[in-house]
Amino acid sequence: MMSTDKEKLLNIVQKEKPPESKLIRPKDLNNTSMIRVADLDGDGTREAIVFYDTPNENVRIHGMLLEEQGDTWVKKLTFDVPGNSLESFKLLDITNDGHPDIVLGVSLEAQKALMVYSYKGGALEQVMGGVPYNQLVIDDGQGNPLDLNGDGENDFINVSVNTSGFESVALYQYNEESFKEVDRIQSDYTVKDIYNALGGHVAKNRTGIVLDVELDDRSTFTQIVYVKDNKLVNAFQSPDQTYRDDKILSGDVNNDGIIEFGLKETPKGWDHYVFNDRMWFYTFYQWDGNEGKKFVSFQYRDDANLFHLNLKPEWYGKITIDTKSEKEKYIRFKMIDSDETVGEISYFTMSQWEQEKGKKWKEITRTSDHVIASRGSQLDGNDGLLDNISQLNRKGELNE
């Protein structure tokens, strides 16, 4: 929509909602838009959906549906939504009728619940309500629905953790006027939380989901699940294959359309250092479609998580970090065989930076009192080993 159209619609919404209410956005960081517009029933006329909160009423969350008529919008209906807050909000066809459904995640006391509504013939029908979940995977992150079992129909994954800590992954599909559970698998180990969930290509020509799972306060792993013959299958037999002692987010780190998962690896020469004194390489892998993984890229990250700096993939296994390096002061990357310096990171005070910034240093980030900068070797120059800030630097999400 053009900005003037959005402003006009917002003004109408503000007039139509109860005066004591407040418009609300979903908590989902991937899509916080307050008003969504689509042709929900396929009649060629657009509808707009918005939600508002009435904190002093027994039912707090309410939805409003408006229809575009000429150069204005007219309120068609309002509806109550159970729950205390709006977790997520998508317009996506998951009933396979060719028209978008209203897919909501809401918080109900100590758990989240899935609600799905379809708009047909001027009326709103609830087609799913109150199904508990911890994570939902219903699209590929770009807003496209998933077809996980390859039958040409859209489906989705519901991930839940029961009170005993066992995780369940369930495949759902709309069939014969209702949602059916196609298959379900349950872990034989307990988990604390699923802190990230993605859908899309998990290997070449293979669609599935990727779950970043927290085992306890320190330990995490990545679970990859796909569908074969309408049965959910774990790509890896054990969490040990993707285990790490850090909260790393999976994602498409090299923009090839396939989701990668991260591990934490000790650079050569650092094995004998105590755990908290070590420096680390963060490495990213793809599932190879069989029983293993293949390397894609690696990074250096400082302990304060201020930056994620990509390193050239072709140097993996050939470089390490000089053991004379000091955290939050100076880090030197060197060739394992020749000891040649191939990259440096330095933490400068503001006064030091004024003196050094012209000496081939490239600023990575800064704090209130320091500038953190990198440079390549004299042969490579600034475009040498060290590349750019990773697009996976989403540390704010992990602290929500």
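Me: What is the bridge partner of Val225 in β17?
Reply: In this model, which is predicted, Val225 has Asn234 of β17 as its bridge partner.
Me: And how many bridges join β16 to β17?
Reply: There are four bridges between β17 and strand β16, which covers residues 220-228, and these two strands run antiparallel.
Me: Which sheet are they in, and what is the strand order?
Reply: They belong to an open sheet of four strands, ordered β14-β15-β16-β17, in which the pairing is antiparallel. The strands at its edges are β14 (193-203) and β17 (231-234), and because each has a single partner strand, one side of each is left without a neighbour in the sheet. From one strand to the next, the twist in this sheet averages 25°.
Me: What actually holds paired strands together?
Reply: In general, the strands of a sheet pair through backbone hydrogen bonds, and the pairing can be either parallel or antiparallel.
Me: Okay, switching topic. What is the order of the strands in the sheet with β10?
Reply: That open sheet, made of four strands with antiparallel pairing, has the order β10-β11-β12-β13. Its edge strands are β10 (135-137) and β13 (178-190), each of which pairs on one side only, and the twist averages 20° from one strand to the next.
Me: How many bridges are there between β11 and β12?
Reply: Strand β11, at residues 155-161, pairs with strand β12, at residues 166-175, over seven bridges in the antiparallel sense.
Me: Which residue in β12 is the bridge partner of Asn158?
Reply: The bridge partner of Asn158 in β12 is Ala170.

Conventions: Residues are numbered from 1 along each chain as its sequence is written. This is a predicted model: local features need pLDDT of at least 70, side-chain atom pairs count only at pLDDT 80 or more; totals for chains, interfaces and linings use all residues. Side-chain values use heavy atoms; hydrogens and water are left out. Two strands pair if DSSP finds at least two bridges between them. Axes are lines fitted to C-alpha atoms, for helices over the stretch in contact, and angles run from 0 to 180 degrees between N-to-C directions.
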